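The sequence and the coordinates are shown first, and the description follows.

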Amino acid sequence: MLNPRERRKYHRTEVKWPVIVKHSKKPLESETINASAAGAFIRCGKPIKPKEIVEIVIKIPDIEPPFEIIGEVMWSNTYGPDDSITPHGMGVQFKNI
């Protein structure tokens, strides 16, 4: 049973994979902090606003070609100290897995 405070259906795994996020402005190069079958947290200094649809290219080591996934930015964090507890970045929900 899910913890009432935890809304995720899928377990998140801590992974640091390079990503390129393509959106209406220039591509954003960054990395994941964690990922699941449904989405990922992408660490970046200037996250994209929620509700924007993006194309995400995830470069998983030793796997070719890179995964190309359509996602929606669900939330973003641009405030706080940008440390391991409150990193700047965005939560993205995958749309075409």
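What percentage of the 97 residues in the protein do buried residues make up? Buried residues account for 37% of the 97 residues, where buried means under 20% relative accessible area, exposed means over 50%, and partly exposed lies in between (1.4 Å probe, protein chains only). The structure is a predicted model, in which local features need pLDDT of at least 70, side-chain atom pairs count only at pLDDT 80 or more, and totals for chains, interfaces and linings use all residues. Residues are numbered from 1 along each chain as its sequence is written, and side-chain values use heavy atoms, with hydrogens and water left out.

**Overall form**

The protein contains zero helices and seven strands, so defined that helices (H or I, at least four residues) and strands (E, at least two) are DSSP runs numbered from the N terminus. Along the sequence, the pattern reads β-β-β-β-β-β-β. The radius of gyration of the protein is 13 Å, which agrees with the value near 13 Å for a compact globule of 97 residues. That radius is taken over C-alpha atoms, and the globule rule is 2.2 Å times the number of residues to the power 0.38. Along the principal axes, the C-alpha atoms fill a box of roughly 35 × 30 × 25 Å.

Contact here means heavy atoms within 4.5 Å. Among the contacts with a separation of 6 or more, 47% are between residues 24 or more positions apart. The accessible surface comes to about 7000 Å², and 55% of this surface belongs to carbon and sulfur atoms; the areas come from the Shrake-Rupley method with a 1.4 Å probe, and for residues only the protein chains shown count as cover. The protein carries 15 positive and 12 negative side chains, and the centres of the two sets lie 8 Å apart. Lys and Arg count as positive and Asp and Glu as negative, while His and the chain ends are not counted. Each charge is placed at NZ of Lys, CZ of Arg, CG of Asp or CD of Glu.

**The nonpolar core**

In soluble globular proteins, nonpolar side chains tend to be buried together. A nonpolar core is a set of buried Ala, Val, Leu, Ile, Met, Phe, Trp, Tyr and Cys residues joined through side-chain atoms within 4.5 Å. The largest such core has 18 residues, of which Val-21, Ile-42, Val-54, Ile-56, Ile-58, Met-90 and Val-92 touch the most other members. Two or more residues of this core come from each of strand E2 (18–22), strand E3 (28–35), strand E4 (39–43), strand E5 (53–58), strand E6 (67–77) and strand E7 (89–94).

Ile-42 belongs to strand E4 and is buried, with a relative accessible area of 1%. Beyond four places in sequence, Ile-42 touches residues including Val-19, Val-21, Ile-56, Met-90 and Val-92. Ile-42 and Val-19 are 23 residues apart in sequence, and their C-alpha atoms are 8.1 Å apart. For Met-90, with residues up to four places away again not counted, the residues touched include Val-21, Leu-28, Phe-41, Ile-42, Val-73 and Trp-75.

The following table lists relative accessible areas.

| Residue | Relative accessible area | Class |
|---|---|---|
| Met-74 | 41% | partly exposed |
| Lys-51 | 70% | exposed |
| Glu-14 | 75% | exposed |
| Asp-62 | 84% | exposed |

Met-74 is part of strand E6. Leaving aside neighbours within four places in sequence, Met-74 is in contact with Pro-50, Gly-91 and Gln-93. The C-alpha atoms of Met-74 and Lys-51 are separated by 5.9 Å, although the two residues are 23 residues apart along the chain. Glu-14 lies in strand E1 (residues 13–14). With residues up to four places away not counted, Glu-14 touches Ile-33 and Asn-34. From Glu-14 to Ile-33, 19 residues apart in sequence, the C-alpha to C-alpha distance is 5.9 Å.

**Backbone features in the loops**

Most residues other than glycine have a negative phi, and most peptide bonds are trans. Pro-65 is found in the loop between E5 and E6, and a cis peptide bond with omega of about -10° joins Glu-64 and Pro-65.
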